[in-house]
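Please view the sequence and the model alongside the notes below.

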Amino acid sequence: MLCSLIRLRRYASLHSPLISVNHHFSSAAAAAMVAHAKDEAYLEAAIPKRIRLFETIQAEQRTQRLSLSPEPIKVTLPDGNVKEAKKWLSTPLDVAREISKNLASNALIAKVNGMLWDMTRPLEDHCHLQIFKFDDDEGRDTFWHSSAHILGQSLETEYGCKLCIGPCTTRGEGFYYDAFYGELGLNDDHFKQIEAGALKAVAVEIINDLPPDKTITVYRCGPLVDLCRGPHIPNTSFVKAIACLKASSAYWRGDKDRESLQRVYGISYPDQKSLKEYLHRLEEAKKYDHRILGVKQELILHHEWRQFGKRSPLSPGSWFFLPHGARIYNKLMDFIRNQYRDRGYQEVISPNVFNMDLWVQSGHAANYREDMFILEVDMLKLPLRFADFGVLHRNEASGALSGLTRVRRFQQDDAHIFCRESQIKDEVRKALNFINYVYEIFGFTYELKLSTRPEKYLGDLETWDKAESALKEALDDFGKPWQSHLMTAGLAVHHRSPCLLLYCAALFPNYANCLLLNEGDGAFYGPKIDISVSDALSRKFQCATLQLDFQLPDRFKLEYSAEDEAKIERPVMIHRAILGSVERMFAILLEHYKGKWPFWLSPRQAIVCPVSEKSQSYALQVRDQIHQAGYHVDADTTDRKIQKKVREAQLAQYNYILVVGEEETNTGQVSVRVRDKADHKVMSIENLLKHFRDEIAAFH
């Protein structure tokens with residue numbers, strides 16, 4: 001059985017004990033597998049029972065709908081046009097057909113009055129309608145959610161496993177399915193059989209959900225029937241290409257004390273070409289994995305202690321930064337720190353707070369206690385901008401740790417801005433400009449998402465509404481001419497606040513970025529703007545954040561005196577991070593630049609290579625001059641030939657290779673080679689240092 005995307009259903013009573021499955025692979029693959037036999041009797045009994053139950057409920061639903069009056073209703077489209085439809089009869093797909101044949105053939109999902117809606121689900125009243133294709137986030141997410149059902153059908157049919165949960169993952173990464181397989185351990189050898197089973201499933205139509213009880217809906221994908229929030233793509237024939245990516249272990253509901261499951265990751269596309277392009281990007285990304293490049297370039301180290309034949313990390317989820325890695329790490333912090341002076345921030349240094357009472361008062365204990373390390377130990381002129389590179393610790397599960405992108409110890413370029421409500425708009429604008437400035441230097445494109453009140457939140461609804469309105473007004477206030485390339489993406493929030501997109505388009509006219517409404521994903525203390533960056537490999541990462549907080553100033557009873565000094569008011573706090581975790585940004589940049597660090601950030605900016613022993617003394621003199629000027633420079637004084645020295649320097653990713661021979665020694669110059677170029681030119685030391693200064697100033 002499949003499970004809901006948001007609710008894990010108990011499955012033990014619905015299944016017989018899992019037995020296993022036999023596969024026909026090569027002898028080498030078969031030898032590596034645990035013998036398994038599929039419980040055919042169970043599947044033959046359970047699957048028809050599910051289908052009969054589904055068809056019975058579906059028939060009742062159809063009968064009920066036929067008894068309803070198909071009254072005329074009006075359907076308003078994002079461009080303001082209105083279409084006529086019939087209540088309980090017309091569907092979003094019918095409306096799409098009226099608009100264009102192309103739209104109808106590519107439409108994957110609809111949004112009715114802000115709620116995602118199956119394309120073949122009848123409309124229930126007058127409404128605003130939006131339609132999404134694969135190019136839209138909503139379309140892709142639905143496509144991959146439906147693909148997870150296809151994967152689940154294949155896994156159950158081919159292996160007889162007990163399915164648990166199968167959502168789409170972070171945008172751009174596809175989907176996965178967790179299941180219990182008993183003693184069978186999945187690996188790459190199983191993927192062809194899984195994919196073959198999935199391709200059989202794509203010929204089966206996914207049927208619509210039950211009547212409008214949005215908490216309990218049932219979907220069918222061939223023999224697979226289960227509770228699922230949905231919605232889904234109109235039918236599985238949209239999925240033209242599907243592939244398994246990897247298999248890994250997981251725990252039931254993420255609890256390490258519960259049953260051990262296996263997770264199969266997959267990806268799917270509406271055409272084979274897109275799948276091939278994605279798999280190619282994936283292979284390219286593997287070449288530049290920060291865990292491999294970082295070790296190869298002697299930047300980072302994850303130390304493991306070997307004892308009694310076992311390996312265990314000395315500090316799980318924490319990495320050592322070697323000298324060259326520390327250079328980059330410190331430059332990132334210095335880069336942000338140098339901006340603070342010009343942007344009116346005051347840096348502070350805060351300790352680790354061990355008293356649990358503070359976290360109880362702030363609300364963090366109630367919301368994040370499981371991720372906290374618990375230790376037992378015995379007003380001014382506004383706006384006020386405090387910044388802190390504090391060391392943070394998060395008790396991440398061992399299975400969730402991943403290189404520098406998911407760690408237990410990290411530093412964050414955190415800042416808290418205390419301001420009046422009347423200053424929110426200006427402070428939000430300045431913070432967004434700061435983010436834009438930094439990411440433009442890094443060469444990132446990015447997407448902004450406005451995240452609203454979550455299910456678990458502090459405070460009252462009135463305060464939350466005020467906080468969300470304040471953020472929206474801050475964005476609306478920047479209204480400039482509309483950028484046409486944002487129109488399609490802008491449909492996601494057209495009926496809620498079109499000026500949000502106007503603001504984004506006006507503030508960042510050089511990028512095809514957009515602002516989307518991310519319902520229910522705010523922090524527990526306030527709404528926020530999340531920023532996901534796209535690197536050179538077109539992967540998305542969550543880095544910067546901008547959060548509005550009315551709750552903590554109230555909980556800590558913060559106050560300031562207004563202009564008349566007699567009126568006491570409560571400030572608003574804005575949480576702001578740009579790099580986010582410095583460790584995570586370090587990893588992203590390493591992969592983004594593919595190990596070729598720009599000069600201003602490079603830990604190996606230059607190397608001096610003497611042609612022979614005769615010019616070695618001059619080479620050391622040049623090295624010292626460049627070092628004294630503040631740059632990271634080395635000298636290769638080995639007895640290797642100059643061609644070998646240059647090649648080694650290129651492989652080590654030195655930005656500039658400075659060759660000195662007898663002629664350079666006599667003239668006081670250097671022959672300058674750039675890392676990835678074959679040509680060279682002769683420069684004086686004075687001109688070289690000026691060139692270095694210009695490169696640093698331009699962040700090249």
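**Helix H17 and its ends**

Just after H17, Lys594 takes a positive phi of about 55°. Helices and strands here are DSSP runs numbered from the N terminus, with at least four residues (H or I) for a helix and at least two (E) for a strand. The model is predicted, so local features need pLDDT of at least 70 and side-chain atom pairs count only at pLDDT 80 or more, while totals for chains, interfaces and linings use all residues. Residues are numbered from 1 along each chain as its sequence is written, and side-chain values use heavy atoms, with hydrogens and water left out.

- Buried means under 20% relative accessible area, exposed over 50%, and partly exposed in between, with a 1.4 Å probe and protein chains only.
- Among the buried residues of H17 are Glu583, Glu591 and His592, as well as Met585, Phe586 and Leu589.
- At the start of H17, a side-chain oxygen of Ser581 lies within 3.3 Å of the backbone nitrogen of Glu583.

**Helices H18 and H21**

- H18 (residues 616–628) packs against H21 (residues 685–697) at an angle of about 35°, and their axes are 11 Å apart. Axes are lines fitted to C-alpha atoms, for helices over the stretch in contact, and angles run from 0 to 180 degrees between N-to-C directions.
- H18 contributes Tyr618, Val622, Gln625 and Ile626 to the contact, and H21 contributes Ile685, Leu688, Leu689 and Phe692. Contact means heavy atoms within 4.5 Å.
- Ile696 is also part of H21. At 30% relative accessibility, Ile696 counts as partly exposed.
- Not counting residues up to four places away in sequence, Ile696 touches Phe599, Trp600, Gln605 and Tyr631.
- Ile696 and Trp600 are 96 residues apart along the chain, yet their C-alpha atoms are separated by 4.9 Å.

**Sheet E28-E27-E29-E30-E31**

- These 5 strands form an open sheet in the order E28-E27-E29-E30-E31, with mixed pairing. Two strands pair if DSSP finds at least two bridges between them.
- E28 (633–635) and E31 (680–684) stand at the edges with a single partner strand each, so one side of each has no neighbour in the sheet.
- The twist averages 30° from one strand to the next.
- E30 (residues 669–674) pairs with E31 in the antiparallel sense over 5 bridges, and Val672 stands opposite Lys681 in E31.

**Sheet E2-E1-E5-E3-E4**

- This open sheet has 5 strands in the order E2-E1-E5-E3-E4, and its pairing is mixed.
- The edge strands are E2 (82–86) and E4 (115–117); each has a single partner strand, so one side of each is left without a neighbour in the sheet.
- The twist averages 40° from one strand to the next.
- E3 (residues 109–112) and E5 (residues 127–132) run antiparallel and are joined by 4 bridges; Val112 has Leu129 in E5 as its bridge partner.
- Helix H5 (residues 137–159) packs on the sheet and touches E3, E4 and E5, with its direction at about 120° to that of E3.

**Strand E7**

- E7 (residues 175–180) has 5 of its 6 residues buried, so the strand is largely enclosed by the rest of the structure.
- E6 (residues 162–165) runs antiparallel to E7 and is joined to E7 by 3 bridges, with Phe180 in E7 as the bridge partner of Lys162.
- E7 also pairs with E11 (residues 260–269), antiparallel over 5 bridges, and Asp178 stands opposite Arg263 in E11.

Technical notes:
Polar contact = N/O pair within 3.5 Å; in protein donor to acceptor, adjacent residues only side chain to side chain.
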